[in-house]
Amino acid sequence: MKDLVSIKDINREQIELILSTAASFKVVLQRDIKKVPALRGKTVVNLFFEPSTRTKTSFELAEKRLSTDVLNFSVPTSSVVKGETLLDTVRTIESYGVDYIVIRHSSSGVPHFISKNTHASVVNAGDGTNEHPTQALLDAFSILDKKETLEGLKIAIVGDVCHSRVAKSNIYLFSNFASEVRLVGPPTLVPEFKGYNVQYFNKIEDGIQGADVVMMLRIQSERMTKGFFPSTLEYASLWGLNSARLKLAKKDAIVMHPGPMNRGVEITSEVADSDQSIILEQVTNGLAVRMAVIYLLGRDNEQ
Ligand code: NCD
């Protein structure tokens with residue numbers, strides 16, 4: 001494969017290859033010297049058109065751990081603000097002979113468009129409300145770190161599913177494993193996923209009952225053009241995950257969140273900082289998973 005634009009483009013076998021490769025990189029990351037020469041001489045450009053803390057630092061560190069040369073493209077200080085088109089920006093950067101373009105953009109479909117217009121490998125780091133494939137892969141990796149299999153696992157995805165690219169990539173990924181996916185939230189924020197075996201819940205108590213995994217999502221206010229719920233306070237009281245509600249899930253249930261969290265809205269601090277929370281482990285695992293993705297795309301391009 002040249003690119004990783006959508007989870008829909010990869011099958012179960014490829015997902016498992018990425019996850020097992022990530023497991024090997026996780027071992028490397030626990031060593032004293034955390035760097036491998038695998039991609040020495042390769043160049044990566046990180047094109048982030050949207051704010052990011054975790055994903056940007058994670059990709060950058062993953063690229064450095066693989067010994068690539070990293071270019072960080074900062075949109076606010078680039079010619080994009082002078083009116084340059086996306087394609088001209090990409091072609092300019094491509095002229096340096098870059099091997100990978102990691103891109104985040106507020107418009108859905110941009111990574112796909114770029115992948116059709118460049119020889120470089122394109123990795124989608126989040127496009128609008130569409131997909132965030134490496135987040136879904138690191139989520140699967142993090143679940144498998146705690147649970148034996150994804151098969152038959154009861155996974156509740158709670159909150160603003162509608163605007164969440166993380167939720168979508170996860171739904172597509174879990175569909176390869178016959179996990180029991182439950183989408184939980186107010187009807188205005190939970191769209192229908194035709195062709196996917198998911199269950200819908202409007203009450204958080206029902207949705208997380210007996211769940212193995214509770215994945216919380218942030219309200220993506222920046223992507224909302226109208227009122228999807230009356231108020232943040234009401235959202236927190238009806239849909240927020242607190243300790244009392246978490247007790248409805250399995251005793252050994254894990255709590256996940258892709259970040260950034262809005263503490264006191266979708267999740268209480270008590271839950272976010274509890275022993276059941278694996279939120280920071282997700283960040284740690286993201287590094288190994290992104291190393292695996294870049295490494296494997298590079299290897300495929302060589303063949
Ligand atoms: C998410 C994103 O940007 O899609 N965060 C992330 O990449 N870890 C989720 C969010 O912004 O709420």
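Student: Leaving aside its neighbours within four places in sequence, what is T21 in contact with?

Tutor: Leaving aside neighbours within four places in sequence, T21 is in contact with A292, Y295 and L296, where contact means heavy atoms within 4.5 Å. T21 itself is found in helix 1, residues 12–29; helices (H or I, at least four residues) and strands (E, at least two) are DSSP runs, numbered from the N terminus. Please keep in mind that this is a predicted model, in which local features need pLDDT of at least 70 and side-chain atom pairs count only at pLDDT 80 or more, while totals for chains, interfaces and linings use all residues. Residues are numbered from 1 along each chain as its sequence is written, and side-chain values use heavy atoms, with hydrogens and water left out.

Student: Is T21 buried or exposed?

Tutor: T21 counts as buried because its relative accessible area is 12%, and buried means under 20% relative accessible area, exposed over 50%, and partly exposed in between, with a 1.4 Å probe and protein chains only.

Student: And V123, where does that lie?

Tutor: V123 lies in strand 4, residues 121–127, and is buried, with a relative accessible area of 0%. Leaving aside neighbours within four places in sequence, V123 is in contact with L4, F59, I101, V102, I103, T134, V293 and L297.

Student: Switching topic, how is the chain divided into domains?

Tutor: The chain is divided into domain 1 (7–132 + 283–302) and domain 2 (133–278), with bounds that come from an automatic or database domain assignment. The C-alpha centres of domain 1 and domain 2 lie 25 Å apart, and the contact takes 31 residues from domain 1 and 28 residues from domain 2.

Student: How much area do domain 1 and domain 2 bury between them?

Tutor: Domain 1 and domain 2 bury about 2,400 Å² between them, 62% of it on carbon and sulfur atoms; buried area is the accessible area (1.4 Å probe) that two parts lose on being put together, summed over both. Of the area that domain 1 buries against domain 2, I7, T129 and H132 supply 27%, more than any other three residues.

Student: How many salt bridges are there between domain 1 and domain 2?

Tutor: The count between domain 1 and domain 2 is four, where a salt bridge is a side-chain nitrogen of Lys or Arg within 4 Å of a carboxyl oxygen of Asp or Glu.

Student: What about the largest nonpolar core, which members touch the most others?

Tutor: That core has 58 residues, and L137, I157 and L173 touch the most other members; a nonpolar core is a set of buried Ala, Val, Leu, Ile, Met, Phe, Trp, Tyr and Cys residues joined through side-chain atoms within 4.5 Å. Helix 11 (residues 279–302) gives the most to this core, with nine residues, and the core draws at least three residues from each of domain 1 and domain 2. There is also a second, separate core of 25 residues, which includes V214, F228, Y235 and V271.

Student: How much of helix 5 is buried?

Tutor: Helix 5 is mostly covered, since 11 of its 14 residues are buried, among them P133, L137 and F141. Helix 5 (residues 133–146) reaches 21 Å from its first C-alpha to its last, close to the 20 Å expected at 1.5 Å a residue, the expected span being 1.5 Å times one less than the number of residues.
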